Amino acid sequence: MCLFIETIRIEKGRIANAPYHNERMNKTRRDRWGDVPALRVEDYIDPSRYMERTRCRLTYGREVESVVFFPYSIRPVRSLRLVVCDEAEYRYKRADRSLLDKLYERRGTADDVLIVRKGLLTDTSIANIALWDGERWYTPEHPLLPGTQRRRLIDEGVIHEREIRATDLTLYRKARLFNAMIDFGEVEIDTGRIEAGNG
């Protein structure tokens, strides 16, 4: 059976971005299994015991299969390496991350990879990305995974979608990585720290 996951941030006894997780989980389930009753992450998670930032991994198929909690700390990222993979596809947040893990292994001396698909920037192995041009933050219009934090930031007007070619990196000054666990602004690097890969 193909399983999917929601990685959910728990902090100060609260579930972060629950409506966005519900929306993505139920869209995935509808796309895969048709007209199924909607589920709510709040019905499966008791966040009250967790005051420190905690990673909750909710695994589901047609129904929720498991809920597991892990301590969390941000992995430092100070440099990225461009890695080309035109076949990269992670539209649904599958439990199987083998492709992303293989791409991550190609990071060389960098801390993570920035995956390029058909000439366009997408995501790192663990996060969505936004680039600063001096006036606005732009996020790739076609990410590998439309993240829940990404959706919220777009809805709030903090970031804006745009096709960003790998060859356009020099037009931007800074890059921020973010996901369900990492707030916008917690991980930021100069675009000069994004190095070209070898394909």
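Helices α1 and α3 each supply at least two residues of the lining of the second largest pocket, where helices (H or I, at least four residues) and strands (E, at least two) are DSSP runs numbered from the N terminus. The model is predicted, with local features needing pLDDT of at least 70 and side-chain atom pairs counting only at pLDDT 80 or more, while totals for chains, interfaces and linings use all residues. Residues are numbered from 1 along each chain as its sequence is written, and side-chain values use heavy atoms, with hydrogens and water left out.

**The pockets**

- On a 1 Å grid over the protein atoms alone, a pocket is an open set of points where a 1.4 Å probe fits, with protein on both sides within 12 Å along at least five of seven lines, and lining residues have an atom within 4 Å of a point.
- The second largest pocket holds about 400 Å³ of space, a volume being the space filled by probe spheres set on the grid points, which are joined across faces, edges and corners.
- Its lining has 18 residues, of which Arg24, Lys27, Arg91, Pro146 and Gly147 lie nearest the centre, and α1 gives the most to this lining, with six residues.
- The largest pocket has a volume of about 580 Å³, and of the 26 residues that line it, Thr7, Lys93, Arg97, Ile126 and Asn179 are the closest to its centre.
- Strands β1, β3 (54–60) and β7 are the elements that give two or more residues to the lining of the largest pocket.

**Helix α3**

- Helix α3 (residues 148–155) is mostly covered, since six of its eight residues are buried, where buried means under 20% relative accessible area, exposed over 50%, and partly exposed in between (1.4 Å probe, protein chains only).
- The buried residues are Thr148, Gln149, Arg150, Arg152, Leu153 and Ile154, and they pack against elements including β1 (4–11), α1 (18–33) and β8 (128–132), with contact meaning heavy atoms within 4.5 Å.
- Just after α3, glycine 157 takes a positive phi of about 75°.

**The open sheet**

- Four strands form an open sheet in the order β7-β6-β5-β13, with mixed pairing, and two strands pair if DSSP finds at least two bridges between them.
- Strands β7 (120–124) and β13 (194–195) stand at the edges with a single partner strand each, so one side of each is left without a neighbour in the sheet.
- Three bridges join β6 (residues 112–117) to β7, and these strands run antiparallel; arginine 117 has leucine 120 of β7 as its bridge partner.
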